[in-house]
Amino acid sequence: MSRTVSSWILSSARSSIILQGKGRWYSICIPNRNKNKWKLVFSKTCPYPAGSCSLDRTFSFPKAFRHTSTEEHFSFQLSPAQINDMLRAGELTHRTLDLNGKSMNSVLRFESNQLASNSPIEDRRSAATCLQTTGMMFGVFDGHAGAACAQAVSERLLHYIAVSLLPRHSLEEIELAVEAMKPVRPILQRHRHPNDVEYQEISSQYFENLRVYWQHLLDLDTEPGFSLEEAMICAFKRLDSDISLEVQAPQENELMRNIALQVAFSGATACVAHIDGVHLHVANTGDCRAVLGVCEEDGTWSTLPLTRDHNAYDEFEIRRLKREHPRSEEKTLFVNDRLLGILMPSRAFGDVQLKWSKELQHSILENSCDVEALNIYQYVPPNYHTPPYLTAEPEVTYHKLRNKDKFLVIASDGLWEMLSNEKVVKLVAGHLAELNMQKSPLTFKKPVNLGYMHNLLLRRRSKGLASLDQNIATHLIRHAIGSNEYGEVDPEKLAAMLTLPEDLARMYRDDITVTVVYFNSETIEDYYRNH
């Protein structure tokens, strides 16, 4: 990266508009490759003392490569090996195989990765195989105002969905085992990255609240139970309700009380896919996104979006909120394309500041410990009259998989801000075609000038770097932050984006989490052949 470009990055960042108060940035102008957007930013300081439950156990950039914006001189130079180490730190790959080494599942494999911008990263992901029912689940969770809510939702939501899908006799069997203090047969097999963390200190409380939920399902006395769509909606809403109630319940343990406060007063959007044979359900709350890659009969690729971004740019969301609130509030529901001028997504877990009454917020925070130390900012926006303004209820999409449906991409908005749906599908399709194959040599055009030669070299170098990626999620992240005007990875730009100072990185890119699920075309073909 030239000194000119690095100097521009620093000078533009330092001259951005910053409104500071009580140690937090309230709003900050974020240069974006598509447009400038105003973003509400809270301090990310970890609230827990050393030795207690900490969010810092998630993977992050190696400190040797990171800087602060107060440094006058720093290098954007990274070796290819260093770039790859940073990009691949969060890689996760899992292939579904039976005892014969073959996959009879409609999911052939999945590949996932994360890249942090915030420190610590606020995104989370989950993947699991259902053990007492059929199918697999994949989730991406985008946290805001800290990582606490995304962390809790990533740990708990798939269990709530799995419990919602269990038949009555299975719920009774689990309840009897718990009452008798016997081992409970697991309902999920989680597929984790070694650096994925859990709230070990509060897991017992999470289990007890999950138990209360399945006891509630038993009390309903309904058979055959929920449809998959109903199960996903009920699970989303119930978990968000539990997050709200847990912080209101008396709690003697200060650490658990602080975690509950952090979870409730931060927020997270969520996108979860449930795949069972040819049946694909996607539940979405917020602005994560799921896109299907479709290979048409003529060999061309097309995209099939399975979610809508729930924000001020979506007409359906605007109309929904207007229906739910008095006409006198129509002009204040969205201010500067944000819900009440504060939040970009219009659906999310947590964020009780936009769900509770003013009185309840005041009561909870007044009786809490030092909320300032927990980075919880008590702020009631103007025109806050008829809460709740925010919901965690998901929009569920059903799609019956076809032989031409080849893969599903679920990602946080950090990816979609950089790459379009079509570009993402094109990159995955190209990766499928070119992985482990020799790149065709680049040819020269005549006449040859110095500028043309330079660009040709950049393209050759970028292709060499990109071809190393075995994990498709890494390939997408590499292109998201390092693509040039040719759509190829510029190694110098990539190095600059990876070595941006910690306090400036969020101004140029968001946390990125990507999970790509590949479908087993043979299994899908067999289904239609047998049915």
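These legends accompany several close-up views of one predicted protein model.

The model is predicted, with local features requiring pLDDT of at least 70 and side-chain atom pairs counting only at pLDDT 80 or more, whereas totals for chains, interfaces and linings use all residues. Residues are numbered from 1 along each chain as its sequence is written, and side-chain values use heavy atoms, with hydrogens and water left out.

**View 1. The protein chain as a whole.** The protein chain contains 16 helices and 18 strands, where helices (H or I, at least four residues) and strands (E, at least two) are DSSP runs numbered from the N terminus. Of its 531 residues, 56% are buried, a term that stands for under 20% relative accessible area, with exposed meaning over 50% and partly exposed in between (1.4 Å probe, protein chains only). The chain exposes about 23,800 Å², of which carbon and sulfur atoms supply 53%; accessible areas come from the Shrake-Rupley method with a 1.4 Å probe, and for residues only the protein chains shown count as cover. Among the contacts in the protein chain with a separation of 6 or more, 75% are between residues 24 or more positions apart, contact meaning heavy atoms within 4.5 Å.

View 2. Six strands, in the order 4-5-18-17-11-12, form an open sheet with antiparallel pairing, two strands being paired if DSSP finds at least two bridges between them. Strand 4 (92-95) and strand 12 lie at the edges with a single partner strand each, so one side of each has no neighbour in the sheet. From one strand to the next the twist averages 15°. Strands of a sheet pair through backbone hydrogen bonds, either parallel or antiparallel.

**View 3. Strand 11 between its two partners.** Six of the seven residues of strand 11 (residues 289-295) are buried, which leaves the strand mostly covered. With strand 17 (residues 405-411), strand 11 pairs in the antiparallel sense over six bridges, and here valine 294 stands opposite aspartate 405 of strand 17. Strand 11 is also joined to strand 12 (residues 301-305) by five bridges, again running antiparallel, with glycine 293 having threonine 303 of strand 12 as its bridge partner. The hairpin of strand 11 and strand 12 has five residues between the strands, and in it glycine 299 takes a positive phi near 90°.

View 4. Strand 17 is largely enclosed by the rest of the structure, because six of its seven residues are buried. Strand 17 and strand 18 (residues 512-519) run antiparallel and are joined by five bridges, with leucine 408 opposite valine 517 of strand 18. Strand 18 is in turn joined by eight bridges to strand 5 (residues 107-115), also antiparallel, and glutamine 114 has threonine 513 of strand 18 as its bridge partner.

View 5. Aspartate 413 belongs to helix 10 (residues 413-416) and is buried, its relative accessible area being 9%. Apart from neighbours within four places in sequence, aspartate 413 is in contact with Asp142, Asp287 and Asp510. Threonine 523, which is found in helix 16 (residues 521-530), is likewise buried, at a relative accessible area of 17%. Its C-alpha atom is separated by 9.1 Å from that of leucine 108, although threonine 523 and leucine 108 are 415 residues apart along the chain.

**View 6. Helix 2 against helix 14.** Helix 2 (residues 80-88) packs on helix 14 (residues 491-498) at an angle of about 55°, with the axes 11 Å apart; axes are lines fitted to C-alpha atoms, for helices over the stretch in contact, and angles run from 0 to 180 degrees between N-to-C directions. The two helices are therefore oblique to each other, since angles under 35 degrees count as roughly parallel, over 145 as roughly antiparallel, 65 to 115 as roughly perpendicular and the rest as oblique. Helix 2 passes helix 14 in a left-handed crossing, meaning that the near helix is turned anticlockwise from the far one by less than a right angle, while clockwise would be right-handed. Ile83, Met86 and Leu87 of helix 2 meet Pro491, Leu494, Ala495 and Leu498 of helix 14.

**View 7. Helix 3 alongside helix 5.** The axes of helix 3 (residues 148-165) and helix 5 (residues 203-220) come within 11 Å and cross at roughly 25°, which makes helix 3 roughly parallel to helix 5. Their crossing is right-handed. Residues making the contact include Tyr160 and Val163 of helix 3 and Tyr213, Trp214 and Leu217 of helix 5.
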